[in-house]
Amino acid sequence: MSLRHAVTVAGYEPFEAAEGQRLLEACEDAGLPIDAACGGFACCNTCRVEVEQGADHLSDRLPEEEPFLDAVAQRLSCQATVHGPVVVRLAPGE
Ligand code: FES
């Protein structure tokens with residue numbers, strides 16, 4: 001059985017992500033209303049989340065994400081892969 005990690009998104013039922021799964025994909029699989037206007041290519045910020053706990057359990061922040069992040073705790077969920085339990089909230093940009 002593959003390793004899975006708890007993902008909590010504020011306001012929604014907790015769910016699990018597979019080890020190394022993109023956070024965006026895990027959210028979509030769980031049925032969350034998360035947008036991905038650019039299709040997951042780090043070219044928009046509609047998939048943005050704010051990480052409240054477990055930032056160290058996500059893959060490293062990529063240079064491509066920087067232009068779309070307003071705060072240190074933010075990530076583009078299409079670029080962040082899950083490697084442990086995390087708590088986030090949806091924080092889409094416009
Ligand atoms: S879907 Fe556009 S940056 Fe993530």
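**Figure 1. The largest nonpolar core of the predicted model has 22 residues.** Val-7, Val-9, Phe-15, Leu-23 and Cys-27 are the members that touch the most others in this core. Two or more residues each come from strand E1 (4-9), strand E2 (15-18), helix H1 (23-29), strand E3 (48-53) and strand E5 (86-90). The most come from H1, which gives four residues.

**Figure 2. Contacts of Val-7, one of the core residues with the most neighbours among the other members.**

**Figure 3. The loop between E1 and E2 at Glu-13.** Glu-13 is exposed, with 67% relative accessible area. Ala-30 is 17 residues from Glu-13 in sequence. The C-alpha atoms of Glu-13 and Ala-30 are 8.9 Å apart.

**Figure 4. Cysteines without a disulfide.** The structure holds zero disulfides. For Cys-43, the closest cysteine sulfur is that of Cys-38, and the separation of 4.9 Å is too far for a bond, because a disulfide requires two cysteine sulfur atoms within 2.5 Å. Cys-43 is exposed, at 52% relative accessibility. Cys-44 is buried, with a relative accessible area of 13%.

**Figure 5. The salt bridge between Arg-48 and Asp-70.** Six salt bridges are counted in the model. In this one, the side chains of Arg-48 and Asp-70 meet at an N to O distance of 3.2 Å. The pair links distant parts of the chain, 22 residues apart. Arg-48 belongs to strand E3, whereas Asp-70 sits in the loop between E3 and strand E4 (74-76). The two ends also fall into separate accessibility classes: Arg-48 is buried at 7%, and Asp-70 is exposed at 65%.

**Figure 6. The salt bridge between Glu-65 and Arg-75.** The N to O distance between these side chains is 2.9 Å. Because Glu-65 lies in the loop between E3 and E4 and Arg-75 in strand E4, the pair ties together parts 10 residues apart in sequence. Glu-65 has 0% relative accessibility and counts as buried. Arg-75 is buried as well, with a relative accessible area of 5%.

**Figure 7. The salt bridge between Arg-61 and Glu-66.** The side chains meet at 2.8 Å, N to O. Arg-61 is partly exposed, at 30% relative accessibility. Glu-66 is also partly exposed, with a relative accessible area of 37%.

**Figure 8. A salt-bridge network of Glu-50, Glu-52 and Arg-89.** Side chains of opposite charge can pair when their charged atoms come close. Here, salt bridges link Glu-50, Glu-52 and Arg-89 in a network.

Definitions and conventions. Residues are numbered from 1 along each chain as its sequence is written. This is a predicted model: local features need pLDDT of at least 70, side-chain atom pairs count only at pLDDT 80 or more; totals for chains, interfaces and linings use all residues. Side-chain values use heavy atoms; hydrogens and water are left out. A nonpolar core is a set of buried Ala, Val, Leu, Ile, Met, Phe, Trp, Tyr and Cys residues joined through side-chain atoms within 4.5 Å. Buried means under 20% relative accessible area, exposed over 50%, partly exposed in between (1.4 Å probe, protein chains only). A salt bridge is a side-chain nitrogen of Lys or Arg within 4 Å of a carboxyl oxygen of Asp or Glu.
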